Amino acid sequence: LDLTADFRAKVLKGTAALTLETAPTAKQVVLDVKALDIEGVTDASGEPLKYTLGTPHPIFGAPLTIELPQGAQKVVVKYKTTANTQALQWLDPSQTEGKKYPFLLSQGQSILTRTWIPTQDSPMVRQTYSAIIRVPTPLKAVMSAEMLTPDGEAVPGNGTLRAFRFKMDQAIPPYLIALAIGDIDFRPTGDRTGVYAEKATIARAAAELEDLEKFVAAAENLYGPYRWGRYDVLILPPSFPFGGMENPRLTFATPTILAGDKSLVSLVAHELAHSWSGNLVTNATWDDFWLNEGFTTYFENRIMEEMYGKDRALMLQSLGFASLQDTLSSLKEPGLTQLHTDLKGRDPDDGFSDIPYEKGAAFLRLLEQTYGRKKFDAWLKGYFTRYAFKSMTTAGFVEDLRETLIKGDPGAEDRLKLNEWLYKPGLPSNAVKPQSEAFARVEAQVEAFTKGTPAKSLVTEGWVTQEWQHFIESLPDTLTLEQMKDLDTAFSFTSSRNSEILFAWLKLAIVHHYEPALPALETFLTSQGRRRFVSPLYTALMAQKGWGVEMAKRVYAKARPLYHSVTRATVDETVK
Ligand code: BES
Ligand code: ZN
């Protein structure tokens, strides 16, 4: 990849040179391309090659078919990204923390890499890559790869650009190729871990993630060596559409996890866990997405247990399980509540919900409880070794289970309800609900409050973020405005600087039309673009006919230009 970032035109332009493994009879190669401006295709020596660009499909883009001369192993595509390139978000200085320099970020998963790189953009394809990225001084480029030139190099004959080189020698699926450019700084947190962030954010980011080295050690203790060399985290500007993205060697993360007290670091445990589940063993198709996210959600919780103990891990499991139950009762399409989905012809994003995450993790916990932790852990560690750098289907997973964990026990599949878990909607009856004693105490306080105990008399001492989350989420939708006020006065929810607590509270505030929280709601919706936060808030507003619809439309008109295309696409469906 040889690309120059033009922040004025908001395009990346240059070449992608693909080295191919071709069948002896191959006469052409077909690449995925979406919203790219293809300027020409040549062979390694610069001789033009014939190519055609098919009719673009609104979701999948177009096939770029290149004629291959006998024995050709390299094609060079010259191209530019366009204003419709969905993977890239070009931020104006005003959308950054530092407010001085622009920023560029990419998001490849699920099928957006094809909007900035012409390649075979399927998760079952793996490729190594190297890149040279030229950016305007004094900006810095980072990628999901080994950083060969941490400080960049001068570009001969061009004093305004600096070049950054990268290489990723381990074959990865294309959705994991990632790039960010900005006024980015670095702080080590240990020998093989560190934090990247805008200069204005780096101190806060490094403090929040100071335990990064211990996370990696905890993960390795569970399921074997970390295979990617360094593990760094990049904290992005607030419009990053996801909580986190497991780009290899360099997790991308939202700044909304910087709570100041390390209370939201389970997100980093999650993205780190993907270094095994997802990045080493990759879902072969997006119908097998649960193999990435369900395994990772399970593994994330095991890391949290190692780091913070059983109580915290159980709280996190319970929050996930409650959220799964909400999702199961609200998803309108039964097929989307299956672990293995059928998304043929559809956007893989349609399968994104709590199902692959929480139903997937619940299924693995059932396996753990059935076979015992010792046997289960040995199996999972073996699974990561057996299929490292390979893709996996749901059927392949079943085959592996049959040959390993459940071998020689013909009744096991029925007892587990294996088929029902993987291929049927809903939650099988043998799902085990996590029991958190801490949450039982929280629920007792909710009950006391609803029966008339004033908020300031509730027993909440020592509560951690997850207990507050559970408290707010357990409150009924039928509180009086006096009760809302009483809670807010006692616990200052509206002015919480913890994004998860604020998010839970704002949802409740909308349902109750609690006006004192509406300015904070507007600020929250216009100051960050994490889809998991903004989308449910707009949905809740739209359900409040009259004032809610009016507010949703007014705020979205203002906020939409600040959001990434991924967040826009989802909210566009809600706010109409
Ligand atoms: N890989 C996902 C993000 C993703 C999934 C992006 C599908 C595009 C398509 C990432 O690992 C993730 O799950 N992030 C979560 C946080 C996690 C702690 C549940 C998120 O962003 O909310
Ligand atoms: Zn994930």
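**View 1. W468 and F471 sit about one helical turn apart, because they are three residues apart in helix α12 (residues 465-474).** Helices here are DSSP runs of H or I with at least four residues, numbered from the N terminus. This is a predicted model, where local features need pLDDT of at least 70, side-chain atom pairs count only at pLDDT 80 or more, and totals for chains, interfaces and linings use all residues. Residues are numbered from 1 along each chain as its sequence is written, ligands are numbered from 1 in the order in which they are written, and side-chain values use heavy atoms, leaving out hydrogens and water. Both W468 and F471 are buried (under 20% relative accessible area, 1.4 Å probe, protein chains only).

**View 2. F493 and W505 form a tilted aromatic pair.** Rings of Phe, Tyr and Trp (its six-membered ring) pair if their centres lie within 6.5 Å; planes under 30 degrees apart count as stacked, over 60 as edge-to-face and the rest as tilted. Here the centres are 4.9 Å apart, with 45 degrees between the planes. F493 belongs to the loop between α13 (481-491) and α14 (499-511), while W505 is in helix α14, twelve residues away. How accessible is F493? Its relative accessible area is 3%, so F493 is buried; W505, at 0%, is buried too.

**View 3. Two arginines meet aromatic rings.** R312 lies over the face of Y308, 4.9 Å from the ring centre. The charged end of R530 sits over the ring of F533, at 4.5 Å from its centre. A charge sits over a ring if NZ of Lys or CZ of Arg is within 6 Å of the ring centre and within 35 degrees of the ring normal.

Definitions and conventions. Helices (H or I, at least four residues) and strands (E, at least two) are DSSP runs, numbered from the N terminus. Buried means under 20% relative accessible area, exposed over 50%, partly exposed in between (1.4 Å probe, protein chains only).
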